[in-house]
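Me: I'd like to learn how to read a few features of a protein model. Could you walk me through them?

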Amino acid sequence: GSVRDIDRVIAGVHNRVDDDAMEAAADANDVSVGEWARLKEVLLQIEAEVHKLPLRAASKNFGTPRFSGDGRELELMLGRVGISKDTIVPFVEMASQAVAKLQESLKLGVMSVGGAHLQKLVDSFKLVFDEGHLATDYRLCVQEIDAPSSSGMMKRARLGDSGKGRTLSYWCFNPGVAMRGLADSGVRSLLLTSGTLSPLS
């Protein structure tokens, strides 16, 4: 997911440098291949940390092996690879530049993906260090899977030594987080509906 997005950015930079016409038009502020490689290395370190997390065995009839903890677990994990409230801003800026490049390439038809995996990962990391959000409002969930997930809401981790992949999810368990945004925008009445809940069954 996210690592493959960075690989695509690096490949695009190499292709542009190889093209004399594009090189002449290159922005002097463009990020170098070495800087993209360092960002990729951080993402690989994060993947390694994900694979170190101890998974709880699934029940016989339901679920998959998983690790679950409150939002502070993700903050601790990021701290082990050097991402903290003091370093999250440059990380986010670099990753956002990568997403912008992929989205531009998507519009031009050069690539078929726009960096969605990387964007969702960055959005989750920003929440971890946002002082307006409490870590206890969120849950970190890491699950082991046999094949790449088709769900766009999960961040795909590469295969570990077991030959299985892992997904990293950061879920909000406090509906008040979303409601605060509505209240701040001046909403006074709200009607909630659901097509999946069956209160009478």
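Reply: Happy to; we will go from the overall layout to helix packing, salt bridges and a surface patch. Keep in mind that this is a predicted model.

Me: Let's start with the layout. How many helices and strands are there in the protein?

Reply: The protein has 7 helices and 4 strands. Read from the N terminus, the elements follow the order α-α-α-β-α-α-α-β-β-β-α. Of its 201 residues, 32% count as buried.

Me: How do I read the packing of two helices, and at what angle do H3 and H5 pack?

Reply: Two packed helices are described by the angle between their axes and the distance between the axes. Here, helix H3 (residues 33-52) packs against H5 at about 110°, and the axes are 11 Å apart. That angle makes H3 roughly perpendicular to H5, since angles of 65 to 115 degrees fall in that class. The crossing of the two helices is left-handed.

Me: Now salt bridges. What should I look for?

Reply: Look for a side-chain nitrogen of Lys or Arg within 4 Å of a carboxyl oxygen of Asp or Glu. By this rule the count is 5. One of them joins Asp5 and Arg8, with the closest N and O atoms 3.1 Å apart. These two are 3 residues apart in helix H1 (residues 2-18), so about one helical turn separates them. Asp5 is buried at 1% relative accessibility, whereas Arg8 is partly exposed at 29%.

Me: What does the salt bridge of Asp7 and Lys40 tie together?

Reply: Asp7 and Lys40 approach to 2.8 Å between their closest N and O atoms. Asp7 lies in helix H1 and Lys40 in helix H3, so the pair ties together parts 33 residues apart in sequence. Asp7 is partly exposed, at 30%, and so is Lys40, at 22%.

Me: Finally, which residues make the nonpolar surface patch?

Reply: Met179, Leu182, Val187, Leu190 and Leu192 make a patch of about 430 Å². Met179 sits in helix H7 (residues 176-184) and is partly exposed, with a relative accessible area of 35%.

Definitions and conventions. Residues are numbered from 1 along each chain as its sequence is written. This is a predicted model: local features need pLDDT of at least 70, side-chain atom pairs count only at pLDDT 80 or more; totals for chains, interfaces and linings use all residues. Side-chain values use heavy atoms; hydrogens and water are left out. Patches are made of residues with over 30% relative accessible area and no salt bridge: like charges are joined within 9 Å, nonpolar side chains (Val, Leu, Ile, Met, Phe, Trp, Tyr) within 5 Å. Accessible areas come from the Shrake-Rupley method with a 1.4 Å probe; for residues, only the protein chains shown count as cover. Buried means under 20% relative accessible area, exposed over 50%, partly exposed in between (1.4 Å probe, protein chains only). Axes are lines fitted to C-alpha atoms, for helices over the stretch in contact, and angles run from 0 to 180 degrees between N-to-C directions. Angles under 35 degrees count as roughly parallel, over 145 as roughly antiparallel, 65 to 115 as roughly perpendicular and the rest as oblique. A crossing is left-handed if the near helix is turned anticlockwise from the far one by less than a right angle, and right-handed if clockwise.
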